[in-house]
Amino acid sequence: QAQLVESGGELVQAGGSLRLSCTYSGRTFDYYHIGWFRQAPGKEREFVAAISWNGFSTNYADSVKGRFAISRDKTRSTVTLRMNTLKPEDTAVYYCAANNRGIRDLNYDYWGQGTQVTVSS
């Protein structure tokens, strides 16, 4: 069955770095665009970053440009979100998701369960 599993979330101090992984299985997700979203307590879910199915194109939210980097390794069926210079406002549950329409399309069809990132000040 189609499955996306996030990992790597943890507690980190402000200014630190984390690497989140999204491992997919069960469908031809190799041909899907993969995105990362996050949701902080009391806030709506927001787009963070996305990468095209072939890894050639990326898209980032303004709030993370220059700090976060998304990449994918098809040999490992994994999409990685490297997060640097973390801020307390980056605290959220991070979700990965998949769609086959485009990296600027914010509608995603498949979602993981999320991983918690907490940035302490």
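Buried means under 20% relative accessible area, exposed over 50%, and partly exposed in between (1.4 Å probe, protein chains only). This is a predicted model, in which local features need pLDDT of at least 70, side-chain atom pairs count only at pLDDT 80 or more, and totals for chains, interfaces and linings use all residues. Residues are numbered from 1 along each chain as its sequence is written, and side-chain values use heavy atoms, with hydrogens and water left out.

Q: Why is tyrosine 32 called buried?
A: Its relative accessible area is 8%, and the limit for buried is under 20%, so tyrosine 32 is buried.

Q: What makes tyrosine 110 partly exposed?
A: Tyrosine 110 has 24% relative accessibility. The value falls between the 20% and 50% limits, therefore tyrosine 110 counts as partly exposed.

Q: Why is the pair of tyrosine 32 and tyrosine 110 called edge-to-face?
A: Rings of Phe, Tyr and Trp (its six-membered ring) pair if their centres lie within 6.5 Å; planes under 30 degrees apart count as stacked, over 60 as edge-to-face and the rest as tilted. Here the centres are 6.0 Å apart and the planes stand at 75°, so the pair is edge-to-face.

Q: Which residues form one aromatic cluster?
A: Tyr24, Phe29, Tyr32 and Tyr110 make up the cluster.

Q: What places the charged end of lysine 74 over the ring of tyrosine 31?
A: The rule asks for NZ of Lys or CZ of Arg within 6 Å of the ring centre and within 35 degrees of the ring normal. The charged end of lysine 74 sits over the ring of tyrosine 31, 5.2 Å from its centre. Likewise, the charged end of arginine 45 sits over the ring of phenylalanine 37, 6.0 Å from its centre.
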